[in-house]
Amino acid sequence: MTAAGTTRTRPQWTSTLYLLLFLLVLEPCFVRSAEFDPYKILGVSRRASQAEIKKAYKTLAREWHPDKNKDPSAEDMFIKISKSYEILSNEERRANFDRYGQMEENQPFGQSQHQGFRSFHHSFYFDESFFQFPRSREFADSKYLLHHAQFNSEVLPDSFRRPYLIKVTSEWCFACIHIEPVWKETVEELEPLGVGIGIIDLGYERRLSNQLGAHRAPSIIGLVNGRVSFFHQAVVREHLRQFIEDLLPNTLVQKISDSNYLSFLEAWQVENKPSVLLFDQVPVVPLLYKLTAFAFRDYVRFGYVDQGATHNTRLLRQFNVNTYAPTMLLFKEDTQNPVDIIQARGMKKQIMDEFVTNNKFLQVPRLVNQQLFDELCPIKQFHRRRKFCVLLITDQDQAFAPGNKAFLEFAAANKKDVLRFAYVYQQHQQPLCQALLRNQATLSPQQVVLLERRTQAGKVLFRSVGGGWNGSEEDKYRLHGEIELLQKDPSYLSSDATLPELNNEMAPIFIIRWLNAAYDYFLQVYDDLLYSNWREMMPILSLIFSALFILFGTVIIQAFSEPGENKPQKPKSKEQPPSPEDTTDRGTSSRPPKKDFVEVTELTDITYTSNLVRLRPGHINVVLVLSDASKNVLLRKFAKEVFSFSGTQTLHFSFLNLDKHRHWMPALLRSARPEDLEEEQDFSDFTGHVLALNGHKRYFCLFRPVFTGDESGGDASLSDASVCSSRKSRSRSRSSSSSKSRSRSHSREDGAASKRGSSRATSIELHHKLDRLGLWMERLLEGTLPRIHVPAWPSLDPNSSTSHS
C-alpha cells in the first residue's frame with residue numbers, strides 16, 4: 001500500500017516542481033508585458049496627438065537625463081521614456097500596441113502572447129549562462145541606435161567619408177551578451193580613430209534589418225561607400241580591427257622611398273591635388289592614417305615613409321625629419337619645400353583632420369569638375385562673405401607653360417581671403433570658355449577673367465582683363481589694378497552669363513566603371529554563396545531563371561510560329577506637325593517648346609484688368625513691349641533673361657503687342673509725372689521696352705533697350721536712340737519690299753504699324769536689345785530702380801476715354 005501510494009504521488013510532486021520552475025523562469029516576461037505602458041510612462045492619454053506626445057517626451061527626457069538627474073533610477077527611466085516615444089511616434093507600432101499590446105513592428109496578431117515562450121525556447125541551452133537573463137540596454141549604447149530614416153539620410157551618405165561598424169542585436173539574445181565585452185573594447189579603440197559605430201535592434205527595426213540583409217542576432221556589419229559587408233570570423237578585437245582595414249581600398253596610401261618620392265610629389269600636375277607624406281617608425285601604415293586618407297581621398301594624395309627602413313635615408317636627410325615623433329609634411333606646387341608641417345608624439349585624428357582641411361587645394365588648382373568649382377568659388381550669400389574668382393583660361397601645351405608659371409607666382413604674391421585663383425584648360429572645358437569669351441572678337445592665347453557666382457543655376461557676373469595674358473610685368477600690373485578696382489566696387493563686373501556644368505575630367509571611362517561595378521557584384525555573389533545567404537540570393541536566382549525562361553520561350557514561339565505572322569504591318573500615317581503660325585497664335589499665353597523658357601501671357605482687353613488693374617498688393621507684372629515682326633525673337637530672348645527670376649511668387653510676366661494697342665504706351669507716358677521722366681529720351685520706337693507695373697500703388701519702372709551685340713569692336717554699350725539712328729539708313733532699302741508682302745495679309749492700318757516696327761532692326765539686333773535685362777531685373781528685386789508714378793492706368797481700348805484707377 002505504502003509503496004503503491006508512494007508510486008502514485010511522486011509523479012504529481014515532480015510535475016508540480018517543473019511547473020513552478022517553468023513559471024518562475026517566465027515570470028519576468030509577463031511582469032514586463034503587464035507593467036510597460038508607454039502612455040503611462042509619458043503621461044499622455046490614448047487619444048493624444050503626435051505633437052502632445054513629442055512635447056511630453058522632450059519634457060521627461062530633460063528631467064530624467066542621466067547627465068542632469070543624479071537619481072540611481074534615472075538611467076532606467078530614461079530608457080523607458082525613449083522606448084515609449086519610439087513606439088508612440090510610429091503610427092504602425094502604436095496601432096499594434098493599442099490593439100494587441102505589442103511593441104514590435106510587423107508582428108502578426110496573437111504573437112505577443114507567446115513571445116516569452118518562444119524566446120525562452122530558442123535561448124535554452126545548458127552552459128554557464130543558463131541563468132543569465134536579458135537585461136536592459138545600457139545607456140551608453142542608446143546613442144548608437146540607428147533608425148531607418150536616420151540610416152538612409154545620415155549614415156549611408158557618411159559612409160563615403162568613413163567606414164561604419166554596426167552591431168545587430170535583440171532583446172532576448174544570449175549570444176549578444178557574450179560578445180558585449182569585446183564589442184565595448186573595440187568601440188573604445190576604433191571610435192576615436194574615426195570609425196562610425198551603430199547598433200540595430202532587430203525587434204524594433206525590421207525594415208532597416210531587411211534592407212541590410214541582417215536577419216539574425218548577433219551580426220556585425222561593415223559599411224563603406226554604401227556597400228554592406230558581413231563579419232564572419234570569431235568576435236575578437238584584433239579580427240574586428242582587421243575587418244575594418246580590409247573594408248578600405250588598397251590604393252589609399254602609397255609606400256614612399258628614395259626611389260619614388262620625386263615622382264609622387266611631381267604628380268600634382270596630373271592629379272590636381274596636394275601631397276601629404278607621413279613619417280613614422282612602424283613598417284605598417286597606421287589605421288588612423290588610412291582613415292584620414294579615406295576621408296580626404298578626393299582632395300589630397302597620401303604617402304607613407306617608414307623611418308626605420310634603410311632605403312629612406314636620403315629622403316629623411318633632405319627634409320630634415322625628426323625620427324623620434326611622427327611627422328606630416330604637406331606639399332603643393334613646390335616639391336622641394338613643404339607648405340605646412342606638424343609633428344607630435346600622440347598624433348590625434350582632430351589634429352590630422354584640421355591639418356589636411358586647411359590645405360585641401362593647391363595654390364592655383366585646375367577646374368576639373370563642378371564640385372571643385374562650387375567649393376573654390378562659392379555662390380554669393382552675404383556681402384561680407386563674397387568671393388571673387390580670378391580664372392586663367394589657358395591650355396596644356398608647352399608653349400603656355402611660362403604664362404601658367406607667371407600666373408602661379410602672381411597668385412602666391414597676392415593671397416587674400418576674398419580672392420580665389422584657378423585655371424582651366426580651354427580644350428577640356430570648351431562650353432565654359434565659350435560662355436565667358438563669347439563677345440570678344442580677337443582673343444589672346446591666354447585670357448584672365450574676373451567673375452563672381454550669383455545663383456545656383458550657374459549665373460555669374462564677370463569681366464575679362466583686356467590685353468590677354470603672357471606673364472609679363474605689364475600684365476601683372478594690369479591684373480593687379482583690375483583686382484583693386486573690383487574690391488572697391490563690385491559693380492565693376494559689367495557682364496553676365498549662365499555657365500554650363502563643368503565636364504568631369506577625372507571621371508573614369510565607361511568600361512572602367514562597368515568593370516568595377518561587375519567586380520563588386522560578383523564579389524558579393526561569391527560572399528553570399530560562401531556563407532550560404534540564400535535569402536539574399538533568392539531574388540538574383542529568380543531573376544536569372546526568369547530571364548532564361550523568357551529567352552527560351554521566345555525562341556520556341558518563333559520556331560513554331562507561321563511565316564505570315566512575322567510580316568511587318570503597314571505603318572500608320574503620321575499627323576502633320578502644326579505650322580509655326582498656328583503655334584504662335586494659340587491662346588492668350590505662349591509656352592515655348594524649350595525647357596528654359598517661362599510662360600508669358602499677352603495683355604488683352606480680357607486679361608488687362610486681372611493682370612494689372614486688380615493685381616494683388618506686393619505683386620508686379622513685368623511687361624515686354626513688342627510688335628508682330630519682332631514677337632518671336634524678343635519673346636525667346638525675354639524668356640531666357642527672366643527665367644532665373646520666374647521662381648519668385650510675386651512676379652508675373654506678360655507682353656503687349658504694339659500693332660494691336662499702339663496708343664497705350666504714349667498714353668501711359670503722357671499720364672506720368674514730368675519730374676519722374678528723364679530728359680532727352682527717344683520714345684519713337686517702343687519695341688524692346690520692358691515695364692515693371694505695380695497695379696496696386698500705380699507706378700512703373702522702365703527698361704530701355706541697350707544694344708550690346710556690335711561685332712566691330714567699338715563700344716558695346718550704345719543707347720537705344722543711337723542704335724535706332726544707325727539702323728534707319730540700313731533698313732530703308734528693305735522697307736518698300738517688306739510693306740508689299742505684308743499688305744497681302746493685313747489691313748492698311750496694321751500693315752503700316754508692322755512696317756514701322758520691323759524696319760528698325762534686323763533679327764540679330766532685336767535679339768541683343770535685351771542683353772542688359774538680367775541686371776535690370778536684379779535691381780528691380782533690390783528696389784533700387786527709379787519709379788514713375790501715374791494717377792491712373794490708361795485703357796487698352798483706343799475708343800474708350802476712361803482710365804482705371
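E641 and K637 sit four residues apart in helix α25, about one turn of the helix. Helices here are DSSP runs of H or I with at least four residues, strands are runs of E with at least two, and both are numbered from the N terminus. The two side chains meet in a salt bridge, at 3.1 Å from N to O. For that label, a side-chain nitrogen of Lys or Arg has to be within 4 Å of a carboxyl oxygen of Asp or Glu. E641 counts as buried at 13% relative accessibility, and K637 is buried too, with a relative accessible area of 11%. Buried means under 20% relative accessible area, exposed means over 50%, and partly exposed is what lies in between (1.4 Å probe, protein chains only).

A quick word on provenance: this is a predicted model, where local features need pLDDT of at least 70 and side-chain atom pairs count only at pLDDT 80 or more, while totals for chains, interfaces and linings use all residues. Residues are numbered from 1 along each chain as its sequence is written, and side-chain values use heavy atoms, with hydrogens and water left out.

**Salt bridges**

The structure holds 24 salt bridges. Side chains of opposite charge can pair when their charged atoms come close.

| Pair | N to O distance |
|---|---|
| E641 and K637 | 3.1 Å |
| E180 and K167 | 3.0 Å |
| D417 and K387 | 3.2 Å |

Take the bridge between E180 and K167. This pair links distant parts of the chain, with E180 in helix α9 (residues 174-190) and K167 in strand β1 (residues 164-169), 13 residues apart. Both E180 and K167 are buried.

Then there's D417 with K387, whose closest N and O atoms are 3.2 Å apart. D417 is in the loop between α18 (401-413) and β11 (419-425), and K387 is in the loop between α17 and β10, so the pair ties together parts that are 30 residues apart in sequence.

With a relative accessible area of 10%, R386 is buried. Leaving aside residues up to four places away in sequence, R386 touches K380, V418, E452 and P490, where contact means heavy atoms within 4.5 Å. P490 is 104 residues from R386 along the chain, yet their C-alpha atoms are separated by 9.7 Å.

**Helix packing**

Back to α25 (residues 631-642), whose axis comes within 9 Å of that of α30 (residues 773-782), crossing at roughly 45°. Axes are lines fitted to C-alpha atoms, for helices over the stretch in contact, and angles run from 0 to 180 degrees between N-to-C directions. α25 and α30 are therefore oblique to each other; angles under 35 degrees count as roughly parallel, over 145 as roughly antiparallel, 65 to 115 as roughly perpendicular and the rest as oblique. The crossing is right-handed, meaning the near helix is turned clockwise from the far one by less than a right angle, with anticlockwise being left-handed. On the α25 side the contact uses F638, E641 and V642, and on the α30 side L773, G774 and M777. By class that makes four nonpolar, one polar and one charged residues. Ala, Val, Leu, Ile, Met, Phe, Trp, Tyr, Cys and Pro count as nonpolar, Asp, Glu, Lys and Arg as charged, and the others, Gly among them, as polar.

Helices α14 (residues 287-295) and α16 (residues 349-357) have axes that come within 11 Å and cross at roughly 35°, again in a right-handed crossing. Here L288, Y289 and T292 of α14 meet K349, M352, D353 and V356 of α16, giving four nonpolar, one polar and two charged residues.

In helix α26 (residues 664-671), the buried residues are W664, M665, A667, L668 and L669. They pack against α24 (608-613), β17 (620-626), β18 (651-657), β19 (690-694) and β20 (699-703).

Most residues other than glycine have a negative phi, and most peptide bonds are trans. The bond from A217 to P218 is cis, with omega near 0°, and P218 is in the loop between α10 (206-212) and β3 (219-224). N225 isn't a glycine but has a positive phi of about 55°. N225 is in the loop between β3 and β4 (227-230) and is partly exposed at 31%. R698 has a positive phi near 55° as well; R698 is in the loop between β19 and β20 and counts as partly exposed at 30% relative accessibility.
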